[in-house]
Amino acid sequence: MNDQQLLRYSRQIMLPEVGIEGQEALLGSTMLLIGMGGLGAPAALYLAAAGVGHLIIADFDTVELSNLQRQVIHYTNDIGRLKVDSAKETMQAINPTIKITCVSDLDEGNLSKWVGLSDIVLDGTDNFETRFKINQACVALKKPLVSAAVIRLEGQLSVFKGYEANQPCYQCLYPKEGTDNNNCTDNGILAPVAGMLGTMQALQAIKVALNLGEQLVGKLMIIDALDCSFRTVTISKDANCPVCQ
Ligand SMILES: [Zn+2]
């Protein structure tokens, strides 16, 4: 690290849990963020600011007026632009020293390639079909999956290491049958709830990268913003899971 980097990350480096070694580990890591929406936007801002050396951001969509209420990485002038281009510009304005790769054509054909290039994957998508595919790739390629979901005034957060013998994967939590897509387009969402879950997702990704504290592996945190309650339940590996068994 040069003097500018030491200064930029000084408030993190002074934490005994991070230090120079931890900051260098972050600078040396690659994270894949899928979805530059309500979750991906705050997660990307914080991971860029915190100095994750290479961020791969994936989204096929363009910025719409109704996104701006919660997708805080995009600005009014960005309406109509690809979300990945808009997000990259904001991230580089905060931190021009990291590498950002934009992917606007993520699909089944190239998902494994991008997951394979990453140390950690953050899922900020809003439909089960995509989430199941991301989970499959993460289990197959042995990559930790930091998963978050938000709707209305509720959120969920977990880290999956389904490739480990006793750890569940995302599919263990949601058996394929009977899952309806519950997204904010149909149900609404209060803006700071997305911000809270997206930043918590970034926090868990950093903790996994640095092997710090409680990482929520095999656990699901359920947040009710209306009650201001946080509770954590244990998730079991499904003995019949088609993905991780
Ligand atoms: Zn499983």
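Guide: Helix α5 (residues 83-94) has 12 residues and spans 17 Å from its first C-alpha to its last, close to the 16 Å expected at 1.5 Å a residue. The expected span is 1.5 Å times one less than the number of residues, and helices are DSSP runs of H or I with at least four residues, strands of E with at least two, numbered from the N terminus. This is a predicted model, where local features need pLDDT of at least 70 and side-chain atom pairs count only at pLDDT 80 or more, while totals for chains, interfaces and linings use all residues. Residues are numbered from 1 along each chain as its sequence is written, and side-chain values use heavy atoms, leaving out hydrogens and water.

Visitor: Which residues of α5 are buried?
Guide: K83, V84, S86, A87, T90 and M91; buried means under 20% relative accessible area with a 1.4 Å probe, protein chains only.

Visitor: What puts them on the same side of α5?
Guide: They cover an arc of only 160° around the axis, so they lie on the same side of α5; the arc is that of the directions from the helix axis to the C-beta atoms.

Visitor: What are the protein donors of the zinc ion?
Guide: C169, C172, C241 and C244, each through SG, lie 2.2 to 2.3 Å from the zinc ion; donors are N, O and S atoms within 2.8 Å of the metal (3.2 Å for Na, K and Ca).

Visitor: What makes the arrangement tetrahedral?
Guide: Four donors count as tetrahedral if all angles lie between 85 and 135 degrees. Around the zinc ion the angles are 97 to 121°, so the arrangement is tetrahedral.

How values were computed. Four donors count as tetrahedral if all angles lie between 85 and 135 degrees; four count as square planar and six as octahedral if opposite donors are over 155 degrees apart and all others between 65 and 115; anything else is irregular. Buried means under 20% relative accessible area, exposed over 50%, partly exposed in between (1.4 Å probe, protein chains only).
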